[in-house]
Amino acid sequence: MRKVSKETQTGRREERRKEGRFTLILRVGVLEQSGKSSLCLVRNISTLGVQLKCYSNPKVDAPASIRVADEPEVLGRIIWLNDAIAGMTFDQELDAATLLRVRQKLKPNRRRAMPRLDVQASAILRVGGKTTRADVCDISSLGVRVRTTLPLRSGDRAIVEFSDLPSLPGFVRWTDGHHAGLAFEAPIPMQIIAHWIEGRVKLSA
């Protein structure tokens, strides 16, 4: 990690204090940078920027975007990094309505605030005594979207098996042709999902 002078550190602390951020309960967001998506935890946010706990290695002084739930991505720039904590400024100041929506979706009782990440992976799907291979389209701590030729019905009990994750029991929430959305019985810790995705990115690099 790049070292910075005490003067620069002091200036950044003063800059962060001036932004008047609102401290929030840690919630999940998607950080995108240089064509790479990774999960992160939103620590606090203001109209000018956001502080993140990262599970990847973002580039400092480089463009980035942050997305929370189904809100449009917000463009900005990573301006500092201290261990796994990063500071990001927005290209444009958020208006009050947008900031309020984002803050509401960061509340822990809003299940749809959990974003999904697009992935290209395969898994074993076990439903009703049948076993088949499925293509994983996206994943979150709460569930997964798969593509499979196995006929599925809403409410079916299912088990998803990855080669590098524990078996994940759940049920089918919806189906649409060869696509289906599965909800896990118990949420997977976000750190496990984040490190799993990061590991796949390194293997494909």
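## Nonpolar cores

The largest nonpolar core contains 33 residues, and Leu 39, Phe 162 and Leu 182 have the most contacts inside it. A nonpolar core here is a set of buried Ala, Val, Leu, Ile, Met, Phe, Trp, Tyr and Cys residues joined through side-chain atoms within 4.5 Å; buried means under 20% relative accessible area, exposed over 50%, and partly exposed in between (1.4 Å probe, protein chains only). Strand S7 (residues 117-127) supplies the largest share of this core, 6 residues. A second, separate core has 19 residues, including Ile 78, Met 88, Leu 99 and Val 102. In soluble globular proteins, nonpolar side chains tend to be buried together.

Phe 162 is in contact (heavy atoms within 4.5 Å) with Ser 122, Ala 123, Val 136, Ile 139, Leu 168 and Trp 196, leaving aside its neighbours within four places in sequence.

## Basis of the model

The model is predicted: local features need pLDDT of at least 70, side-chain atom pairs count only at pLDDT 80 or more, and totals for chains, interfaces and linings use all residues. Residues are numbered from 1 along each chain as its sequence is written, and side-chain values use heavy atoms, with hydrogens and water left out.

## Overall make-up

The protein has 3 helices and 12 strands. Helices (H or I, at least four residues) and strands (E, at least two) are DSSP runs, numbered from the N terminus. Of its 205 residues, 46% count as buried. Among contacts between residues at least 6 apart in sequence, 52% join residues at least 24 apart.

The accessible surface comes to about 11500 Å², and carbon and sulfur atoms account for 50% of that area. Accessible areas come from the Shrake-Rupley method with a 1.4 Å probe; for residues, only the protein chains shown count as cover.

## Salt bridges

There are 6 salt bridges in the structure, each defined as a side-chain nitrogen of Lys or Arg within 4 Å of a carboxyl oxygen of Asp or Glu. One of them joins Arg 67 to Glu 32, with the closest N and O atoms 3.7 Å apart. This pair links distant parts of the chain, as Arg 67 is in strand S4 (residues 62-67) and Glu 32 in strand S1 (residues 22-33), 35 residues apart. Arg 67 is partly exposed at 22% relative accessible area, and Glu 32 is partly exposed at 27%.

Strand S10 takes part in two further pairs. Glu 161 bridges to Arg 126, the closest N and O atoms being 2.9 Å apart. Glu 161 lies in strand S10 (residues 157-161) and Arg 126 in strand S7, so the pair ties together parts 35 residues apart in sequence. Both side chains belong to partly exposed residues, with 22% for Glu 161 and 35% for Arg 126. Arg 157 meets Glu 185 at 2.1 Å, N to O. Because Arg 157 lies in strand S10 and Glu 185 in the loop between strand S12 (179-184) and helix H3 (190-204), this pair ties together parts 28 residues apart in sequence. Relative accessibility is 49% for Arg 157 and 49% for Glu 185.

## Positive phi in loops

Most residues other than glycine have a negative phi. Asp 61 has a positive phi near 60° and is found in the loop between strand S3 (49-54) and S4. Asp 61 is partly exposed, at 38% relative accessible area.

Asp 83 also has a positive phi, about 55°. Asp 83 is found in the loop between strand S5 (74-82) and strand S6 (85-90), and is exposed at 64%.
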